[in-house]
Amino acid sequence: MSENMNKNVMTNLALAVAGGLALRFAFSLHPVWWLAWLAPAPVLVAMLRSSRWQALGLAALASLIAASSRYHYAALLMPMPGALVMILLLAFLWFAVLALARRAMAAPDASPWSVLAYPLLWCAADTLLAHLTPDTNFDSIAYSQAGFPPAVQILSLTGVAGLVFVLSLVPAVLALAIVRGWRPLRGPLMLAAALTLATFTFGVVRL
């Protein structure tokens, strides 16, 4: 029993680290656009497989790894203490979204549609920061798609929030389907597939 628990903890830790590294490359200053569609999934899987406090620790670890990609850039703009504060604030944003999404998705009576919590939280955070920061949210996860023209064309219809929603929905649905099984997630899976296909199709046609 103890051995199985230790294996489970180590597996979740490995998933969180792998997901954090994927997030680091997917949402860096030189983002890997396709990785952004998958990167959050390992972290969410690890959190959904863990107890509440373990999940919070995994979220903090993955968030710090993800935010670390901005350290060298921040260090060019401000002294060391300011750069560290900037990284910690960015990590806290990731942590807050992951933690709140896990709370909604892992509830005992959670509907399969609780998976919408993750993309909706990102849309809310992204929109709020865009109105509060002078650079209109330079750290938006939508920037990860700047190098992939078919994805960004959807901005002409929905604005940044539309791309953020689809981009966040895909890994959230994949993560919950891996943990709960694919059959209960048929509705969300079909929605994610349809929105992704529509986004790319519209982008290709518009180009």
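These legends describe several close-up views of one predicted model. Residues are numbered from 1 along each chain as its sequence is written, and side-chain values use heavy atoms, with hydrogens and water left out. Because the model is predicted, local features need pLDDT of at least 70 and side-chain atom pairs count only at pLDDT 80 or more, whereas totals for chains, interfaces and linings use all residues.

View 1. A nonpolar core is a set of buried Ala, Val, Leu, Ile, Met, Phe, Trp, Tyr and Cys residues joined through side-chain atoms within 4.5 Å, where buried means under 20% relative accessible area, exposed means over 50%, and partly exposed lies in between (1.4 Å probe, protein chains only). Helices here are DSSP runs (H or I, at least four residues), as strands are (E, at least two), and they are numbered from the N terminus. Leaving aside neighbours within four places in sequence, W94 is in contact (heavy atoms within 4.5 Å) with L23, F27, S63, Y118, W122 and I141.

**View 2. Helix α6 and the helices around its buried residues.** Helix α6 covers residues 117–132, and its end C-alpha atoms are 22 Å apart, which agrees with the 22 Å that its 16 residues should span at 1.5 Å a residue; the expected span is 1.5 Å times one less than the number of residues. The buried residues of α6 are A117, Y118, P119, W122, C123, A125 and D126, and these pack against α2 (40–48), α5 (80–105) and α9 (160–180).

**View 3. Helix α9, a largely enclosed element.** Because 15 of the 21 residues of α9 are buried, this helix is largely enclosed by the rest of the structure. After α9 comes G181, whose phi is positive, near 110 degrees.

**View 4. D139 and S140 in the loop between α6 and α7.** D139 is partly exposed, at 26% relative accessibility, whereas S140 is buried, with a relative accessible area of 7%. Beyond its neighbours within four places in sequence, D139 is in contact with R70 and L90, while S140, with its own such neighbours left aside, is in contact with D126, V160 and V164. Computed along the sequence D139 and L29 are 110 residues apart, yet their C-alpha atoms lie 9.3 Å apart in space; for S140 and W122 the corresponding values are 18 residues and 9.2 Å.

**View 5. Helix α3 and its buried residues.**
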